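Student: Hi! Could you walk me through this structure, starting with a pocket and then the ligand?
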Amino acid sequence: MDYAGVDGRRTDEAAAGDDEEVVEPPAAFSDRAVASDPELYAAFAEEGPEAWRRAADLLEWERPYETVLDDSDPPFYEWFPDGRLNAAANCVDRHLDERRNQLAIRWFGKRGERRSYTYLDLHREVNALAAGLRELGVEEDDVVTLYLPMIPELPIAMLACARIGAPHNVVFAGLSAEALATRIDAADSEYLVTCDGYYRREDAFNQKSKADNARLRADADLSATVVVDRLGDALDVTLGDGEHEYEALVDAHDGEAVEPVARDATDLLFVMYTSGTTGRPKGVEHATGGYLSHVAWTTRNVLDVRPDDTYWCAADIGWITGHSYGVYGPLSVGTTTLLYEGSPDYPDRDRVWDLIERNAVSVFYTSPTAIRSFMKWGAEYPEAHDLSSIRLLGTVGESITPKAWRWYREHVGGGEAPIVDTWWQTETGAISLATLPGVTPMKPGKVGPPLPGIDARVVDEDGEPVDPGEPGYLTIAAPWPGMLRGLREGDERYRREYWLEGEDGWRYRTGDGATVDEDGYVTILGRVDDVINVRTHRFNTAELESAIVGCDGVTEAAVVGDDDGRIVAYVTTRGDVDPDGSLREEIGERLARAVGDVARPDRIVFTPDLPKTRSGKIMRRLLEDIARGDEFGDVSALRNPEVVGEIESTVRSE
Ligand code: 6R9
């Protein structure tokens, strides 16, 4: 099989922890859980793709689907292909009869501001903006780029696009002008929604000037830009030709009704750029029907969310977790979702717990990176608050250690709440591996078995299942509804990037290494390709490294992530360059420009050479172990084993 190597060391470490602890779902939870039937696993296994009707039937279809899956042309699968629906109508309109005055979105801004939208408010503003976008020329299938921080206008703009059948292309607000320009061009997008700026702690930060720079760089001519006034007088932003004030646009169309456009289930709902195995980000395309079905089903059955919950997914909407579980999941099931613009430690380190208490949040979904910070700050912060409203906790983005798992349960979950460790990817669209919290026992540190209907397998180089405890590649052997429908870069790239044809059919490659235990519980070992996950952001190493190598005097670079979600860059320079000069700063600046502030390395280690295999491949795994302070194996087979000790002592001494 066409994989990079998996190494077994991590497995031994995982096995060395007392990960055999099995935690039963608490009876008080199971009794009321959305998913309470252990037969669900068997039902999905027996029924095959048809079983996913359960998910699709959570939605309202404009034209009911008859076919569940068209798999006549693998790996191009079509879910519910003859059905028609509108995603925004499913997230907004259909809740109006029962709960028009229930809160849909409760927003907390960085300056302590609050704004709340009932489903009726949301309906009104989504309609007005949809009408406004139409007036500016947006038609069905036009891609609209959204470059906004965590303010209500972001989900509203997503839904307004969905309403008129215009796929959105959300670009994380912290990405640079250059990254935005690349994504506008790659998505052939002629429309942009952005804002004047936003607050970073106390300072007003100019987002519009980044958007202006992107506009200058992009090949595409933007037909129209809509600008949200986030900062009022704090920033003086003047609008030029083709630029429109969001508030004026919405006011002008207030009260108008825009009929939701019925989309084929296979029509594009959105594109999301993410890092792949090569330097340029790739545009993952999600189809309307399959994506929304899978997201709604998992929001209910894995996150156990119901309309009367107050639910909080702390992920930024600029990434897939925020799309699926910050917007489409919660709104499709008709719950109240919290949207938080600020940072978890501002004004103080109890901000998250304060928000949970204030809003009686019942389901909280975050990342291990965040949990590690909470642990570091100390249990006194959650303990100072009444968190008894919490019924379920979730985690996503990377492996959680048994220690962090226990801390999270003890100090946030009151020692009682089940935790769902959810594995999935931008490409899978929705949660794919996790326990069903009311049914499946938990094992701290292991994500759990594949969800019902997800045929995930850990296999060796030949595609054969590995023995329990042996490392292998995580693959998915049958299509699932939330799967990407393709890549913006075309069918060939899609096939090459993700699919392998074996004797028993097509296999989706996740790019993750994993082990599986006797009970079918999967432990994720990390990526086996050149992708790193840091602070819940996903980067391609080549993308970052090529930016560093662009600095004058740098000869080579290798980028890894450490245990605390920090970016560590190992850099070699030309002999005549003084690494203690301005180079450190320059590297940070260049990464911020090329990718965004999120990509600034936390640590730069200058070294005379990088450890390489005999074939010249940089040993990133080894560098990662050094950054994490982990033990590493025998290095004698390297071309230059002598550099390892030197790098290690530099890292330790800093
Ligand atoms: C949703 C999201 C995907 C990669 C994935 C894997 C890692 C996600 C995980 C996990 C261990 C979990 N990952 N969930 N690793 N345990 N519960 O994060 O999407 O940004 O595309 O990243 O994240 O390596 O392949 P995305």
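Tutor: Happy to! This is a predicted model. The second largest pocket has a lining of 22 residues, and those nearest its centre are Gly-453, Ile-454, Asp-455, Ala-478 and Pro-479.

Student: Okay, and what volume does the second largest pocket have?

Tutor: About 380 Å³ for the second largest pocket.

Student: Which element gives the largest share of its lining?

Tutor: That's α3, with 3 residues. Both α3 (39-47) and β25 (505-516) supply at least two residues of this lining.

Student: How do the lining residues of that pocket divide into nonpolar, polar and charged?

Tutor: For the second largest pocket, the lining has 17 nonpolar, 3 polar and 2 charged residues.

Student: What is 2.8 Å from an oxygen atom of the ligand?

Tutor: An N or O atom in the side chain of Arg-527. The side chain of Asp-512 also has an N or O atom 2.9 Å from a ligand oxygen. With Glu-398 the backbone takes part: one of its polar backbone atoms is 3.2 Å from a ligand nitrogen.

Student: How much of the ligand's accessible area does the protein cover?

Tutor: On its own the ligand has 530 Å² of accessible area, and the protein covers 95% of that.

How values were computed: Residues numbered from 1 in each chain as written. Predicted model: local features only at pLDDT ≥ 70, side-chain atom pairs only at ≥ 80, totals over all residues. Heavy atoms only, no water. 1 Å grid on protein atoms, 1.4 Å probe; cavity = no way out; pocket = protein on both sides within 12 Å on 5 of 7 lines; lining within 4 Å. Points joined across faces, edges and corners; volume = space filled by probe spheres on them. Helix = DSSP H or I, 4+ residues; strand = E, 2+ residues; numbered from the N terminus. Nonpolar A, V, L, I, M, F, W, Y, C, P; charged D, E, K, R; others polar. Polar contact = N/O pair within 3.5 Å; in protein donor to acceptor, adjacent residues only side chain to side chain. Areas by Shrake-Rupley, 256 points an atom, 1.4 Å probe, with all protein chains shown as cover.
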